Amino acid sequence: MSFLLPALPYSYGALAGRGMCQETLELHHGKHHQAYVSALNALVEKNEALQGKALEQLITLSHGRPDLAPVFNNAGQHWNHSFFWQSLAAEQGGIVPAALARKLDADFGGVDEFKAQFKAAALGQFGSGWAWLILAKNGRLEVTKTPNAGTPLATGEGRPLLVLDVWEHAYYVDFRNRRPDFTDNFLNRLANYEFAAANLQSA
Ligand SMILES: [Fe+2]
């Protein structure tokens with residue numbers, strides 16, 4: 001059985017008024033994400049030991065294995081992008097539900113402090129990667145970042161709640177080289193904090 005590109009939970013044009021145009025989503029989902037899925041399927045097809053494994057298993061078993069780096073990269077990118085599409089709100093974005101706001105207050109000292117730390121992680125990731133809100137093993141919310149196809153699933157540092165793709169392909173059409181503006185736009189207008197709150201609730 002091969003991996004499939006998941007449908008977006010909204011139309012390609014749905015976020016156009018909030019800083020992510022149709023062209024960005026068509027390229028990012030239809031070309032970039034599809035390419036990771038296709039490459040992963042080709043790698044699994046060539047390697048019997050990888051067949052029949054869930055995506056999360058492929059990520060953990062290939063992590064730190066130089067011989068399986070292409071598997072890790074494509075599996076991680078498939079998982080991260082699938083999670084990223086859900087981290088964008090179909091209609092209203094940037095609204096923090098009360099229960100999540102209380103937890104952000106407790107663990108960061110406020111929603112604005114959380115946003116500042118998240119922005120620092122997004123900007124501090126040199127080159128391509130991802131900025132995350134996670135529920136750390138100690139039960140506290142934390143912000144972290146991963147390079148390239150890295151994911152907290154592999155490092156085990158915590159459970160992902162929300163993610164921002166900071167690869168240039170995520171923002172170059174809408175924001176050119178301005179990753180800070182892209183990150184602010186995400187935090188204030190696009191982020192699906194309901195999704196983060198639901199992930200926290202089920203953790
Ligand atoms: Fe991406």
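Residues are numbered from 1 along each chain as its sequence is written. Because the model is predicted, local features need pLDDT of at least 70 and side-chain atom pairs count only at pLDDT 80 or more, while totals for chains, interfaces and linings use all residues.

**The sheet**

Helices (H or I, at least four residues) and strands (E, at least two) are DSSP runs, numbered from the N terminus. Two strands pair if DSSP finds at least two bridges between them. Here, three strands form an open sheet in the order β2-β1-β3, and the pairing is antiparallel. Strands β2 (141-147) and β3 are the edge strands, each pairing on one side only. Neighbouring strands are turned by 30 degrees against each other on average, direction ignored.

Strand β1 (residues 129-136) runs antiparallel to β3, and seven bridges join them. Ile134 stands opposite Pro160 in β3. In general, strands of a sheet pair through backbone hydrogen bonds, either parallel or antiparallel.

Why is strand β3 largely enclosed by the rest of the structure? Seven of its eight residues (158-165) are buried, so the rest of the structure largely encloses β3. A residue is buried if 20 or more other C-beta atoms lie within 10 Å of its own, exposed if 12 or fewer, and partly exposed in between; C-beta atoms are placed from the backbone.

**Two helix pairs**

Axes are lines fitted to C-alpha atoms, for helices over the stretch in contact, and angles run from 0 to 180 degrees between N-to-C directions. A crossing is left-handed if the near helix is turned anticlockwise from the far one by less than a right angle, and right-handed if clockwise.

| Helix pair | Angle | Axis separation | Crossing |
|---|---|---|---|
| α2 (residues 55-62) and α3 (residues 69-86) | about 140 degrees | 9 Å | left-handed |
| α5 (residues 111-124) and α8 (residues 179-190) | about 145 degrees | 10 Å | right-handed |

Helices α2 and α3 are therefore oblique to each other. Angles under 35 degrees count as roughly parallel, over 145 as roughly antiparallel, 65 to 115 as roughly perpendicular and the rest as oblique.

Which residues meet? Two residues are in contact if their C-beta atoms, placed from the backbone, lie within 7 Å. Leu55, Leu58, Ile59 and Ser62 in α2 meet Val71, Phe72, Ala75, Gly76, His78 and Trp79 in α3. By class, this contact has seven nonpolar, three polar and no charged residues. Ala, Val, Leu, Ile, Met, Phe, Trp, Tyr, Cys and Pro count as nonpolar, Asp, Glu, Lys and Arg as charged, and the others, Gly among them, as polar.

In the other pair, Lys115, Phe118, Lys119, Ala122 and Leu123 in α5 meet Arg179, Pro180, Thr183, Asp184 and Leu187 in α8. These divide into five nonpolar, one polar and four charged residues.

**Two single residues**

Leu25 lies in helix α1 (residues 22-46). Is Leu25 buried or exposed? Leu25 is buried, because 22 other C-beta atoms lie within 10 Å. Leu25 touches Leu8, Tyr12, Leu15 and Met20, not counting residues up to four places away in sequence. Leu25 and Tyr171 are 146 residues apart along the chain, and their C-alpha atoms are separated by 10 Å.

Gly13 sits in the segment before α1. Gly13 has 13 C-beta neighbours inside 10 Å, so Gly13 counts as partly exposed. Gly13 and Glu56 are 43 residues apart in sequence and 30 Å apart in space, C-alpha to C-alpha.
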